[in-house]
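Morning, everyone. I have one structure to walk through today. Please look at the sequence and the model together.

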Amino acid sequence: TVLAVASSAGSSQQPAAPHRLSALSIEWQGKGDLARKSGKLDDANNAYESALAADPQNRGAYMALAEIARGQGLQGKAIRFYGEALALNPTDVNALSGQGQALAEKGAIAQAQNILARIKPLCKSACLAANQLAASIKTQSSARAAALLAAKDTEPTPGGNNAPSVTQKP
C-alpha cells in the first residue's frame with residue numbers, strides 16, 4: 001500500500017492537478033459499457049469492478065455500478081456506489097440526483113429532499129438532475145401516500161368483524 005501511495009504521489013504533475021485515470025481502468029470501463037448496452041449486466045458489473053480495481057478513482061465506474069444496482073431494485077447498493085462517486089467529487093449533480101432518487105425509491109423522502117436542496121445551488125440555471133430528483137420525490141411521495149391510504153382502508157375495525165353490517169327483518 002505504501003508503494004502505491006508513493007508511486008501515485010510521484011506521478012502527479014502538481015498537487016492540484018486532476019487525477020488522470022489509468023488506461024487499464026478506462027479500458028475495463030469501456031468493456032463494461034459494451035456489456036451493459038448488450039444487456040449483460042453481470043459481465044458489466046465485473047468489468048466495472050475491474051475498472052475500479054485498476055483505478056479506485058474511476059467515478060464513471062461507480063456511477064455505472066450505481067445505475068445498474070438502481071435498475072435492479074437494489075437501492076441500498078446504489079446509494080453506496082453514488083456515495084463513492086460523491087467522495088471523489090462532492091458537487092457532481094448527477095451523482096447527487098441519482099443518490100437522491102435511490103433514497104426516494106427506498107422511502108427516505110426527507111433525505112432525498114435534503115439532497116435536492118444541495119443540488120439547487122450547484123445548478124446555475126434549469127438543471128435536469130434537479131428536475132429528475134424533484135419528479136422522483138413527487139412520484140414516490142404520492143405512491144407512499146396512496147399506499148398508506150389503501151392500508152388504512154383495509155385495516156381491521158375494532159371488534160374483529162369486518163363484514164358489512166346487514167340488518168335482517170324477523
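The chain has eight helices and zero strands. Helices here are DSSP runs of H or I with at least four residues, strands are E runs of at least two, and both are numbered from the N terminus. Along the sequence, the pattern reads α-α-α-α-α-α-α-α.

Two notes on the source. This is a predicted model, where local features need pLDDT of at least 70, side-chain atom pairs count only at pLDDT 80 or more, and totals for chains, interfaces and linings use all residues. Residues are numbered from 1 along each chain as its sequence is written, and side-chain values use heavy atoms, with hydrogens and water left out.

Now the whole chain. Of its 170 residues, 31% are buried. Buried means under 20% relative accessible area, exposed means over 50%, and partly exposed is in between, with a 1.4 Å probe and protein chains only. The accessible surface is about 11,100 Å². Carbon and sulfur atoms hold 55% of that surface. Those areas come from the Shrake-Rupley method with a 1.4 Å probe; for residues, only the protein chains shown count as cover. Next, contacts, meaning heavy atoms within 4.5 Å. Take the contacts between residues at least 6 apart in sequence: 49% of them join residues at least 24 apart.

On to helix pairs. How do α3 and α4 cross? Helix α3, residues 41-54, and helix α4, residues 59-71, have axes that come within 9 Å and cross at roughly 155 degrees. Axes are lines fitted to C-alpha atoms, for helices over the stretch in contact, and angles run from 0 to 180 degrees between N-to-C directions. So α3 and α4 are roughly antiparallel. The cut-offs: under 35 degrees is roughly parallel, over 145 roughly antiparallel, 65 to 115 roughly perpendicular, and the rest oblique. On the α3 side, the contact residues include Y48 and L52; on the α4 side, they include Y62 and I68. By class, this contact has ten nonpolar, one polar and one charged residues. Nonpolar covers Ala, Val, Leu, Ile, Met, Phe, Trp, Tyr, Cys and Pro; charged covers Asp, Glu, Lys and Arg; the others, Gly among them, are polar.

Next, α7 and α8. Helix α7 is residues 109-119 and helix α8 is residues 128-153. Their axes are 10 Å apart, at an angle of about 160 degrees. That makes α7 and α8 roughly antiparallel, therefore. Among the residues that meet are I115 and L116 from α7, with L133 and R144 from α8. The tally for α7 with α8 is nine nonpolar, three polar and one charged.

Helix α8 also packs with α6, residues 93-106. These axes come within 9 Å and cross at roughly 5 degrees. So α6 and α8 are roughly parallel. The α6 contact residues include N94, G100 and Q101; those of α8 include Q132 and S136. This contact divides into five nonpolar, seven polar and one charged.

Last, two alanines in helix α2. A35 lies in α2, residues 23-37. Buried or exposed? A35 is buried, at 9% relative accessible area. Leaving out residues up to four places away in sequence, A35 touches K40, D43 and A44. A35 and A47 sit twelve residues apart in sequence and 8.3 Å apart in space, C-alpha to C-alpha. A23 is also found in α2. A23 is exposed, at 62%. A23 and A54 are 31 residues apart in sequence, and 8.8 Å apart in space, C-alpha to C-alpha.
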